[in-house]
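Student: I'd like to learn how to read a helix, an interface and a core. Can we take them one at a time?

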Amino acid sequence: MPASYRYDGSLAGLLTLYARLLAEPVEVERISATQLDQQSLFSSEISISTDQAVAEEFWQRLTKRLTDNSLKLLRRCLLADHPQQELLLYRYLLLEAEQGRRIDAMLAHPQVAPVWKLARQVGREAHRYLGFVRFQQVQGGLYYAVIRPDHRVLLLIGDHFAERFSDQQWLIHDQRHGEGILYDAGKKEWLLLPMELHEQPEATPQEAQFQQLWRCYFSTLAIPERRNLRLQQGKVPLKVRVCLTEFGRTVSAAD
Amino acid sequence: MATDLMDRLKILADGAKYDVSCSSSGSSRANSNGGVGSAASTGICHTWTSDGRCVSLLKILMTNACIYDCAYCVNRRSNDTPRVALSPAEVAELTIGFYRRNCIEGLFLSTGVVRSPDYTMELLIQGVRTLREEYCFNGYIHLKLVPGADPLLVQQAGRWADRVSVNLELPTSASLQLLAPDKSRDAVVQPMRQVNRLITINRAERKQSRKVPRFAPAGQSTQLIVGASGESDRQIVILSEQLYQRLDLKRVYYSAFIPVNQDTRLPARPVATLKREHRLYQADWLLRYYGFSADELLDEARPNLDSELDPKTGWALRHIELFPVEINRVSYEELLRVPGVGVLSAQRIIRARRQGHLGLDDLIRLGVVMKRARYFVTARGRSLEATTLDSSSLRSRLIDRTTILKPQQLSLDFSSTADDEIRSLITGEL
């Protein structure tokens, strides 16, 4: 009978779970990530407690065995924010254990296609966020940006911004997932940290001016005869606009 | 001071917006000098305006004053509009300000012609040079070449820019003569030839030594206005084919003619130019990525693209005897010619079928557009269609499906959907 499993929501927890499940492959109906102290209504759920050593050993073995392609797929799916990602990945790993490297080309297989699609969604969103980040200069010279992506894309975009803005102090804050990347221009490195915003940082006066210039430029650029709001909305969904200067996010300058 | 700058920015952006090129792809520049910026070879779109066009570069004119009087141009001499300019330093400052806030990938700098082509070209170069040298800017720069400028200045321009371009504007010299009497076809084509030569030489030199500075690493592009003069699609597509083959252009942009001036030489109300522009882009893609030639798409008997069908489906219907093809056996080149199969799905099919025969269900999962492809493929000998259809009944079926969709402007930069490096290799402008 297929069983349901539960882990604590951490990466180590998930890897522990996979290690246990793959040792003796079983049919799984559901994998949920909940704090273990929360009592589940379903008594049939099996809780797996995190074992750091098991997780690490499993990860080592996995990274050695998987092809670069599969590993990339796996990484992206781990960063996804999808209700079934754990289960989809489990089914993928199950097939991988059976087929080995051949899995790389099995794009249309029902145990591969959904994982591959999810990885693509994450990758695509990460690419889009290379463009959708808007920094504002706040008091103290820090460039601060807020994003609210569907998936946890920060780890995928950190290197790009670190190279591009290597001489400026910046921070990208994913408010949806409560984490952020802080870049240190002195040490030339970035760190992913849990993050929470207590008060809106104060923008510099120069910032307000650039935001005005940018909005003015943006609205001038459209050609009225070609107006196509549907196309625009497909490209810049409304949920993204709250964080974009040109769609009216207001500046929090002192004056 | 600030409002003055804002007004000028508005006027100069307004004058530049009819240039459709906004791609920032094809150049990869590392931030190696401790300065600011880098260029990603896939290109990155930062936002989209209300006409659905992507914004990737800060697209502005240095000045909107112009000594020329081209009929179609909003900045022509005889128009009574305020004339303003930015100094090279101001251009650099604006670019850096927007760039550091991640609003843009770089700069697209164009201009009206003041005093002389040489003088104007020097101004542009000065702005770009300030960015590269004083600000150590490594982002993307697209620079317009001024027709008639000295070849030495063209050479300098490519030294600082990632991409350079001269707009052909009109497909034939006759229409150029009529609508842009101050520009000669020669003055436009000459710099294009020179750039092509310099790029070829530069590539060879850089093979010998990596220390040789790059010349226009993202190549050159051009733009044609569609619908302002009487050329057929065939003339335009053949011209593009030649530009790609002979001058190695990275892109030819098509700009649906929008009347901005009252002029008896111009059509008063052009018909359905946006749709036409869209079909031309589709044909252009078929030339560049799908192995089609202009002759296959259009001939003297049918000099214009079918507005109701995309050019690939149109081609397939004229060659219905070649279909259906068995998806598990045909070559990559043949796959590319199946309506509903794109470059990516063709590659996926090739990769996936190594691990076993593909069924029709698999095709959907691989991203094939079955509403078109269903009539043209079999998988393991099976087809979704019970009977084979002749091309006229197929045509009516395919039209019904395609006209439900509202005609839309093709998005001009496809880097938005790039999800990884592989994608950029096949569709990107390398």
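Tutor: We'll go through a helix, then the interface, then the core. This is a predicted model, where local features need pLDDT of at least 70, side-chain atom pairs count only at pLDDT 80 or more, and totals for chains, interfaces and linings use all residues. Residues are numbered from 1 along each chain as its sequence is written, while chains are lettered from A and ligands numbered from 1 in the order in which they are written.

Student: Which residues of helix H6 of chain A are buried?

Tutor: Buried means 20 or more other C-beta atoms within 10 Å of a residue's own, with C-beta atoms placed from the backbone. Helices are DSSP runs (H or I, at least four residues), strands likewise (E, at least two), numbered from the N terminus. In H6 (residues 154–164) of chain A, the buried ones are A:Leu154, A:Leu156, A:Ile157, A:Phe161 and A:Arg164. They sit on the same side of H6(A), because they cover an arc of only 145 degrees around the axis, taken from the directions from the helix axis to the C-beta atoms.

Student: What do they pack against?

Tutor: Helix H5 and strands E6, E7 and E8 of chain A.

Student: And how many residues of chain B are in contact with chain A?

Tutor: Contact means C-beta atoms, placed from the backbone, within 7 Å. By that rule, 47 residues of chain B touch 47 of chain A. H1(B) gives the largest share of chain B's side, 6 residues.

Student: Which residues have the most contacts inside the largest nonpolar core?

Tutor: A nonpolar core is a set of buried Ala, Val, Leu, Ile, Met, Phe, Trp, Tyr and Cys residues joined through C-beta atoms within 7 Å. The largest has 168 residues, and A:Val115, B:Leu109, B:Val128 and B:Ala157 have the most contacts inside it. H5(A) supplies the largest share of this core, 9 residues.

How values were computed
Buried ≥ 20, exposed ≤ 12 C-beta atoms within 10 Å, placed from the backbone. Contact = placed C-beta atoms within 7 Å.
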